[in-house]
Amino acid sequence: MSKLEKQSIRVLVVDDQQLVRDGIASLLHVQDGIEVIATATNGQQALEIAVTLEPDVILMDVRMPVMDGVEATGKIRQQVPACHILVLTTFDDDEYIKDALQAGASGYLLKDIPAADLALAVHAAAQGIYQLDPSIAGKMLAAFTPAKQKDKSQASTSAGLSNAINYANKASGTTNTGELTRREIEILRLIATGATNREIAEQLVISEGTVKNHISNVFSRLGLRDRTQAVMYIRELGLL
């Protein structure tokens, strides 16, 4: 086995539709640093393969015969805890999203995602980075935002958000290495709306690399693990 193969992310693709399953596997096969080691037609088969081959990342459909993706996710996370599972489906039902994330999924993506973005998602999942499809993140934000706050038109200024974050950190004992900059606050707001790094970069007219650096700094300062926590954090402050 070559050095490149040793460094490749080992992926299991799970989908009950052969055309979709083979298509995803083919798309990932040509991506650098990714090796599709197997495919499965249902959750039970995925569980058996995962226990045997211990893939790094599993792309898991939701609705499947024998055992669905949510149940399979929970069992695989118990038996192969080092494996990261990304739900990849056409269904954006709130119940599926909630159940999949509670079962231990590392993210929830929809099948209309471009091939290049799917490859990036696989790489991110292998690093333990949680991900939500932008539309899913928006739904989560809407679901957790009180109706009276939805009617407010950005009543909180950037300075107000910064002060509230700093106050919340002090109250909770969280260490904050200084106030957030105006740009960091803008990015935090956009993250909470479900915007992708690319969309944030386009809106603020900066590079995606700069966006990633800002996000890393903000998450480090606030002790946040991922975008989902960022949405929940801002929502808990009552600022969206």
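**Reading the pocket and the salt bridges**

Q: Which element gives the most to the lining of the largest pocket?

A: That element is α12, which contributes 5 residues to the lining. Helices (DSSP H or I runs of at least four residues) and strands (E runs of at least two) are numbered from the N terminus. The model is a predicted one, in which local features need pLDDT of at least 70 and side-chain atom pairs count only at pLDDT 80 or more, while totals for chains, interfaces and linings use all residues. Residues are numbered from 1 along each chain as its sequence is written, and side-chain values use heavy atoms, with hydrogens and water left out.

Q: How much space lies in the largest pocket, and which residues are the closest to its centre?

A: A pocket is an open set of points on a 1 Å grid over the protein atoms alone where a 1.4 Å probe fits, with protein on both sides within 12 Å along at least five of seven lines; lining residues have an atom within 4 Å of a point. Here the largest pocket holds about 1,100 Å³, the space filled by probe spheres set on the points, which are joined across faces, edges and corners. The largest pocket holds that space of about 1,100 Å³, and of its 33 lining residues, Ala124, Gln131, Thr196, Asn197 and Arg227 are the closest to the centre. Two or more lining residues come from each of α6 (115-126), β6 (131-132), α7 (134-144), α11 (197-204), α12 (208-222) and α13 (227-236).

Q: What classes of residue make up the lining of the largest pocket?

A: The lining has 17 nonpolar residues (Ala, Val, Leu, Ile, Met, Phe, Trp, Tyr, Cys and Pro), 10 charged ones (Asp, Glu, Lys and Arg) and 6 polar ones (the others, Gly among them). At least three lining residues come from each of domain 1 (9-142) and domain 2 (182-237), bounds taken from an automatic or database domain assignment.

Q: How many salt bridges are there by the rule used?

A: The rule asks for a side-chain nitrogen of Lys or Arg within 4 Å of a carboxyl oxygen of Asp or Glu. The count by this rule is 7. In one of these, Asp61 pairs with Lys111, their closest N and O atoms lying 3.7 Å apart. Asp61 is in the loop between β3 (57-60) and α4 (69-79), and Lys111 in the loop between β5 (107-110) and α6, so the pair links distant parts of the chain, 50 residues apart. Asp15, Asp61 and Lys111 are linked in a network of salt bridges.

Q: Is Asp61 buried or exposed?

A: Buried means under 20% relative accessible area, exposed over 50%, and partly exposed in between (1.4 Å probe, protein chains only). Asp61 is buried at 4%, whereas Lys111 is partly exposed at 24%. An unreviewed UniProt entry lists Asp61 for "modified residue: 4-aspartylphosphate"; such an annotation may be inferred rather than shown by experiment.

Q: Where do Arg183 and Glu186 lie?

A: Both are in helix α10 (residues 182-192), 3 residues or about one turn apart. Arg183 is partly exposed at 30%, as is Glu186 at 25%.

Q: Which residue forms a salt bridge with Arg198?

A: The partner is Glu208, with the closest N and O atoms 3.7 Å apart. Arg198 belongs to helix α11 and Glu208 to helix α12, so the pair ties together parts 10 residues apart in sequence.
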